[in-house]
Amino acid sequence: MEDNPTSWFMRITVTILFLFLLAPVLLVFPISFSGDQILAFPPSSWSLRWYEALLGNNVMMSAFLTSLGLASVVTVLSLIIAIPASYAIVRLKVTGSEFLFNLFTAPLLLPTIVLGLAILIIFASMGLLATFTGLVIGHLVITLPYALRVLSVSLGNLSLACEEAASSLGAKPLAVFGKVTLPMMAPGIVAATALCFLVSFDEVVITLFLTGPRMTTLPVELFHHVESQADPLVASVSVLLILMTLAVVMIVDRTMGLTKAMASGRAVSMSTVADAT
Amino acid sequence: MTTATFDMPVGAQKPSSTAGIAVALLLPIALVNAIGFILPVFNLARMSFNEALPGGGIAEAFTAANWTGLLQDSFYIELILNSIMVSLGITLATLLVSYPIALYLHRASGAWRTFLTVLVISPLLTSAVVRTYGWIALLAEQGPVANVIASMGFQPPRMMFNTTGVVIGLTEILMPYMILSLMAGFGRLDPKVEEAARTLGATPFRTFWRVILPLTLPGIALGCLLCFVLSISSFITPKLMGGGRVFLLATEIYDQAIVTLNWPLAATLSMLVLIIFGAALAVYSRVLRMIEG
């Protein structure tokens, strides 16, 4: 790096802008340890009272459990639905597969406020509002496009050689898929799993239209709480949300690193071919 | 056994059975797409031509009353213009604060670049509610930002429950999108070209204005399109930081749908957002053609 005034000016500017970008997220951590009754920064004293308040808050805790269950169900269903779909689009190359891919990923192009309202009106007539089923379908609408995109890219990048070898050795199509294609898609499946879980767990706008007092998720409950009173309880819930995301990202990083290391040895994929036949 | 099936590659079964399998594989995703996307969106478009009755009732009709009413009501005209102006302002502010970071990242290399890129992406993984709450803490009346301004001897302005707060919050929230778009468009920016300009005697400012900026215009156009579209449809931040005093398209859609229960009007406003999306896309492709051509 050259040490002229321009580069120093650039570095200082970039540092300030990074602070601006990260300040609101970083601020949540100290506030969650506040000992004050109301939101203030810096807090006048420190304590764990807002974490205790969170554990004692039945509404928040049950919303957290709902979110956890919802995200898990949505993730599993997304994989079950999107893996066959990506196979049909990428491998079987059905007629109009490009159109189908665009159609199935189109929900991501709509603003969530419009999509949320549209789903609300339809679900109201079907009696699906404030039900677990309604939330699952609502979330699938936006997790499936992500899953389909990630899985199609993953499948498209795989060389056909192993699958062809397995089927030429006499493996049935289903065995080829189960014992060759699916294991080789593992990195894509892990990425899709993480993405679907995070998208579902963090979704607010569409969920806001579909929840009610009977059934609510953590981000929605958090939104309503901030709307009425922005106390440090929000900070402790936020820390919980951030740690959750961090955990998912780290799990993916570890598994992906692992699968990549495993896939790098050609021996592994060759042995799966042998296994399938 | 091996020789018998040797030249039969995967997916080369009889065409009719392949089609049958494909339909079966695509049926679940098509079902979700139909129930959760196609049907709701067409129904929403239809809803904008229904008649709203007082008290949340809806009369099946085919009237343009919602549309004409919207364009004759000065409150809504102002709301629409205000939404567009605020979104343009947010887009410009986001561009100004994102450009230096994107340029710096483009020039960085190795682990440092990876680390900074992770820092840029990490806010994207944090809920908009959490980040908006962070801004509420920062910009509150006795908050840290107000204290810093007061300590410099100025009267701190009101930064919460007005447009200022919404602009600051959304600018920060949209920064990662802008930075990533800019970086995607910076591919044409070769350090050798900058070096050439500097060796030939151009000042840093002139190098930026005549070399760097023109080369990065496609990235700027993409980032601006994305940020404009995201800010005009954003809901969480305007709702929480506006405190019911900032009226924008997205917050009005929510209020009409949930509070007033006027679904035909909410549907009409939603369609309007989609029309603005289309217009923004048209402007973008024109601008792109101008840059490239």
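Let me begin with a definition: when I speak of helices (H or I, at least four residues) and strands (E, at least two), I mean DSSP runs, numbered from the N terminus. What we have here is a predicted model, in which local features need pLDDT of at least 70 and side-chain atom pairs count only at pLDDT 80 or more, while totals for chains, interfaces and linings use all residues. Residues are numbered from 1 along each chain as its sequence is written, and chains are lettered from A and ligands numbered from 1 in the order in which they are written.

I will start with the annotated stretches of chain B. From an unreviewed entry, UniProt places "transmembrane region" at several stretches of chain B, among them 79–103 and 115–140; these positions are in the numbering used here, with feature names shortened, and such annotations may be inferred rather than shown by experiment. Residues 79–103 of chain B are 100% helix and 0% strand, with the end C-alpha atoms 36 Å apart, whereas for residues 115–140 of chain B the figures are 73% helix, 0% strand and 31 Å. The unreviewed entry in UniProt also lists "domain: ABC transmembrane type-1" at residues 80–284 of chain B, a span that is 78% helix and 0% strand in the model, its end C-alpha atoms being 20 Å apart.

Next, the contact between the chains. Counting two residues as in contact if their C-beta atoms, placed from the backbone, lie within 7 Å, 66 residues of chain B are in contact with 71 residues of chain A. Which helix of chain B supplies the largest share of the side that touches chain A? That is α1(B), with 18 residues. By class, this side of chain B has 50 nonpolar, 14 polar and two charged residues, where Ala, Val, Leu, Ile, Met, Phe, Trp, Tyr, Cys and Pro count as nonpolar, Asp, Glu, Lys and Arg as charged, and the others, Gly among them, as polar.

Finally, one helix pair within chain B. The axes of α7(B) and α10(B), residues 217–232, come within 8 Å and cross at roughly 150°; axes are lines fitted to C-alpha atoms, for helices over the stretch in contact, and angles run from 0 to 180 degrees between N-to-C directions. The two helices, α7(B) and α10(B), are therefore roughly antiparallel, a description used for angles over 145 degrees. Their contact includes B:L170 and B:Y177 of α7(B) together with B:P218 and B:L226 of α10(B), and by class it has 12 nonpolar, five polar and no charged residues.

Notes. Parallel < 35°, antiparallel > 145°, perpendicular 65-115°, else oblique.
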